[in-house]
Structure formats: C-alpha cells, structure tokens
Amino acid sequence: MSTANNTLSIFALGGVNEIGKNMYALEYLNDILIIDCGSKFPDESLLGIDLIIPDFSYLQENQERIRALIVTHGHEDHIGGIPYFLKTLNVPIYATRFTLGLIELKLKEHRLLGETRLELINSESRLKFGEIEVSFFKVNHSIPDCLGIVFDTPEGRVVHTGDFKFDLTPVNQQYADIHKMAEIGRQGVLVLLSESTNAERPGSTTSERVVGTHIEEAFAKAERKVIISTFASNVNRVQQVIDAARKTNRKLALLGRSMVNVVEVARERGYVDIPEGMLIDQSQINHLAPEKVAILCTGSQGEPMAALARLSSNNFRDVSILPDDTVILAASPIPGNERGVSKIIDNLFQLGAHVIYGSGSTTGMHVSGHANQEELKLMLTLMKPTYFVPIHGEFRMLHQHRLLAESVGVERENTFIITNGDVVDVQNSVARQTRRIQAGNTFVDGVGVGDIGSIVLRDRKQLSEDGMLVIVITLSKSERKIISGPDTISRGFVYARDSEELLNEVNRLVKSAVNDLLDDNVQQWNVMKQSIKKSIGQYLFSQTKRKPMILPIIIEV
C-alpha cells in the first residue's frame, strides 16, 4: 500500500518493542529510504534458530521505489540483516568508512561483494533522493564512525539519532557535533526518532576514557597472563587494551574469528594503532613468559562457541588458563545472556584464575555506549522536535523516553509509541498514526531464510519437551489386514527396555484401532493415522502426563 501523493510516511520494520534488528524507513512520493538493517539473536524458545531478521515483504512489494539503505553504524543489530536483505533486494548502501569495512566482511562471506554498490559517506556528506535531502551529524557510541541522519522533506525535517551517548572525552577523538545538532534544532525539527536503550537509567554515562585507566591498572597488577574479553566491534576498547599491553611490555594475541577480522579492518583503515611486533600468533603464547602475554578475545556474552567459553572449559588449542592468570570481562551481559556468562565465570574460578567481572560501576571495566536519561533529555532539548518517536528499545524503555520528552516540553499527544509495522503519516506538517504495514520476524536457520515458521517451531518445542513415538505398521493391500507390527520406537519419550508394559499396551491399542477401521471398510491412510494419534495420545497422557509427538507410519504391501 503506497502513500497518498504528498504524505510523508515513517515506519519501523524492526527495533521497537525489542532490542535488536533495527530497521526504519521514510517514504515520500516515489521514494523510499531505509535506515539500517539489523539482526538479533534468538531466545531459548526459538529452538535451532540462528538469527532473526526483519520481514522485508513490504519493501519487496515496493522495491522499484527504494533508493538507498543508509547505515548509521556497524553494530550487528544495525548491519546483521544486510546480506539477507541484499539477496532479495539489490539496493545501494551508504555508510561511513569503518562501517563499510564491517559490511564488506559480511558481503564477502555471503559472496555478494561484487554485486553490491557501496557508497562512502561522512558527517559532511549531502545526498538527494527525489524530494528528500539527506545530511548527517557525528555522534559518540561504542564503535567508530557513527552518524545521526537528517532528512529534509517538503513536509518538514525528520532526524534519526542513530545510537549515541555524549562522551566529551572520546578515546578516538571523534567528538560529537553538538553545535551542529543545536543548529539543526534551531532550524526546526518536525519529527525526532531517538534511541531509548538506557531510558530507564538516571544520570549520564561515563566516558570510555575511564575504562582505559582501569584496564591499565589491572594489566600492571597482573602477575601472569592477562586474558581480556570484549565486543570485537568496540574498537576504542581494543585500542585501550593495546595501549595497556604496550605500557606493561606485553605481547598481544587475538583469539576468535570476529576479533581477528574486525581488528584487521580497523588496522587497515587506521582506526587502531598496533606497535610493530606486538601481535603474536596463538601458537607463540606458551613460548613466552606468562607476564609478557596479553590475550584479547571474543565471548564476553557467554556465547558457547566463542573463544572465552572454550578457554574456560580448557578446550582451546595451544592456549590454557592457569592458576593466577587474570581474566577480565570488559562488557556487561546483554539481558538474556546472564546464565551463559555466569557459567563461564564459574569455570574460570575453578581453573584458579583471578576474574574481574561485573557492571561498569563496580569494576570500571565497562561503560555503556548508549545515552542515559540526562543525555536523552539533552538530545531532545537540542533538537526541539514537534513530534517524537522513541525507537530502539522494549516497550518500558519507549514509555520512559516519552516521559523524558514531556519533561523537556514535548506535548504528550505528540509522542508516538509505535510497534513494528505502525506507520506515522505526516501531511501538512501534522502527524497521525492510523495504519499499519506488514512487519514481523524472519528466522534464519542454517542456510534457510524464512522457511521455518510457527508450526515447525511448535514441533521442535514438542520434541524437545516430550520426545517422539514412531509407530510402524504393515498392511496387506489385497487382504486388508495387518501382516506385520505394530513396531513402536521411542526417542526422547521413554526408555524402551524400562517401559515394555506401556509400549505393549500402545501396540495393542494401535492394532485394535486399525482393525476396527478395516472392519468398517475405512481405507484412507490419513483417517487411520488420525485415529492412531488420538487413541494413543489420550492413553499416553493418562499414563505419563506427557504429550510426545506421535508419528504413525503405514506401509502397504
């Protein structure tokens, strides 16, 4: 459904009422501009699913009008869906130097690099698509080269903040364009879309520079090897680890594919400065004195196959954690990852390591890359929007952000708390939210994209909880009678040798149900299967209070 002639439409395909898979769009006349295309990881209920990306249906229906995908920065929740998006829609991508480097890594992996148009932008770039002019401003975040985006349309100005905080002493000297933001606000902002991740946290976030001091202190105190785990994309943190290794005269090894890849991109493009001869291969670690070694690795979120998890279970070739080694987790667990992180910390203590972990305030090893309440209010005050759409957060965060907007003068009725698919239409500079487009989740499982739906997931849940029972029975085609079976195979339901009585009764019930149907001259397999499922399901539930998946297999000979 396209918009009315002179209506500006703003909508989210991901990123509201959730953390992750950020994707937003602006639509005016014949042009659609997309902001970000992220992914998110599944929770425990989505058995076997590798990744969740937005539903691109609406964009596929309107693909001839899509002019660009503009990327605010290089975190997975903003770029993780790009390869899957490009497989269905080949759209030019506009991003900063470091962000493009990370996107190129993904496209190489998916063999899409040669076919994709990548356009380099920076905070001074100006673009024009139909009636929409696009400009940018620099923001601080926990990754280099982050931008906010300004869309000047005939209906008015729309600003998307990207992910941001106000760090007045950034490690990489990339200062936020506060004066430019104030000027954008002075000229008038009709709609502001601002991130809400830390909308519940009072005060302001601490500068990343503080973390560097704590890392240096820990390196200086460590008597043996130092193993430090953080997000590979937090290049400012990586630089601080490099600086601490240099000051304490340690060699540095990188463990984990994403850490190696991201540091390589950052080094090639001048975002990290690694002294000549500092980097060593993992095979050299054991040949150096422990006090001369630092290891920078992935796995701060408890991912089972990442480097830190494998180190904690002594399952990493050439590298072991020994008593009195120092292990630093320089990241806070993302909600949902706490259990995996706790398990790793327990394992590390069992190995005798000195472990430094916990939130930034207790250890000083981590600060958030997202704005707290005072910084969110500052952004609102600088931009002075007429209408406000809080984005990038779960419902309670969006709600809290609305209260912050009210406190600095945005009218309550002018804030739209939307869900994915809700459209905010602006006509004659008046915004309304009255319609929806299709939006939702697309599941990636192995190489399959979107081929796993709720029915398959329901089956997986049933199999994981109650197991399955396969019942094989052979019928004679000519005589219409059972000539073999039933044979019952249990997987994940009961152990056959311990449950002979139960399974014998199942076989008796199956035989009885099939014979009754044959006597009534019922020969359709689907009717037979349904009858078997029903009678066996009821019996098993009455005996075990379990509902295994029942798979009757009927063979005719």
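## Working through a predicted model

In strand 26, Pro552 is the bridge partner of Ile471. Keep that pair in mind for the first exercise. The model is a predicted one.

**Exercise 1. Work out the order of the strands in the open sheet of 3 strands, and say how each pair runs.**

Step 1: Start with strand 24, residues 468–476, which pairs with strand 26 in the parallel sense over 8 bridges. The Ile471 and Pro552 pair belongs here, and Ile473 stands opposite Ile554 in strand 26.

Step 2: Now look at strand 25. Strand 24 pairs with strand 25 in the antiparallel sense, over 8 bridges.

Step 3: The order is 25-24-26, and the pairing is mixed. Strand 25 (481–491) and strand 26 (549–556) are the edge strands, each pairing on one side only. On average, neighbouring strands here are turned by 15° against each other, direction ignored.

**Exercise 2. How many of the residues of strand 24 are buried, and which way do they point?**

Step 1: Count the buried ones. You get 9 of 9, so strand 24 is mostly covered, with buried meaning under 20% relative accessible area.

Step 2: Sort them by direction. Met468, Val470, Val472, Thr474 and Ser476 point one way from the strand, while Leu469, Ile471, Ile473 and Leu475 point the other way.

Step 3: Compare with the whole protein. Of its 557 residues, 56% count as buried.

**Exercise 3. Is Val211 buried or exposed, and which residues does it touch?**

Step 1: Val211 sits in helix 6, residues 209–221.

Step 2: Use the cut-off. Val211 has 0% relative accessibility, so it counts as buried.

Step 3: List its contacts. Leaving out residues up to four places away in sequence, Val211 touches Arg237, Gln240, Gly364, Met365, His366 and Val367.

Step 4: Pick out His366. It lies 155 residues from Val211 along the chain, yet their C-alpha atoms are separated by 6.1 Å. For the protein as a whole, 71% of the contacts with a separation of 6 or more join residues 24 or more positions apart.

**Exercise 4. How many cavities of 30 Å³ or more does a search of the whole structure find, and what lines the largest cavity?**

Step 1: Count. The search finds 1 cavity, with a volume of about 140 Å³.

Step 2: Look at the lining. It has 20 residues, and the closest to the centre are Asn140, His141, Ser142, Asp167 and Asn236.

Step 3: Sort by class. The lining has 7 nonpolar, 9 polar and 4 charged residues.

Notes. Residues are numbered from 1 along each chain as its sequence is written. This is a predicted model: local features need pLDDT of at least 70, side-chain atom pairs count only at pLDDT 80 or more; totals for chains, interfaces and linings use all residues. Side-chain values use heavy atoms; hydrogens and water are left out. Two strands pair if DSSP finds at least two bridges between them. Helices (H or I, at least four residues) and strands (E, at least two) are DSSP runs, numbered from the N terminus. Axes are lines fitted to C-alpha atoms, for helices over the stretch in contact, and angles run from 0 to 180 degrees between N-to-C directions. Buried means under 20% relative accessible area, exposed over 50%, partly exposed in between (1.4 Å probe, protein chains only). Contact means heavy atoms within 4.5 Å. On a 1 Å grid over the protein atoms alone, a cavity is a set of points where a 1.4 Å probe fits but cannot get out, and a pocket is an open set with protein on both sides within 12 Å along at least five of seven lines; lining residues have an atom within 4 Å of a point. Grid points are joined across faces, edges and corners, and a volume is the space filled by probe spheres set on the points. Ala, Val, Leu, Ile, Met, Phe, Trp, Tyr, Cys and Pro count as nonpolar, Asp, Glu, Lys and Arg as charged, and the others, Gly among them, as polar.
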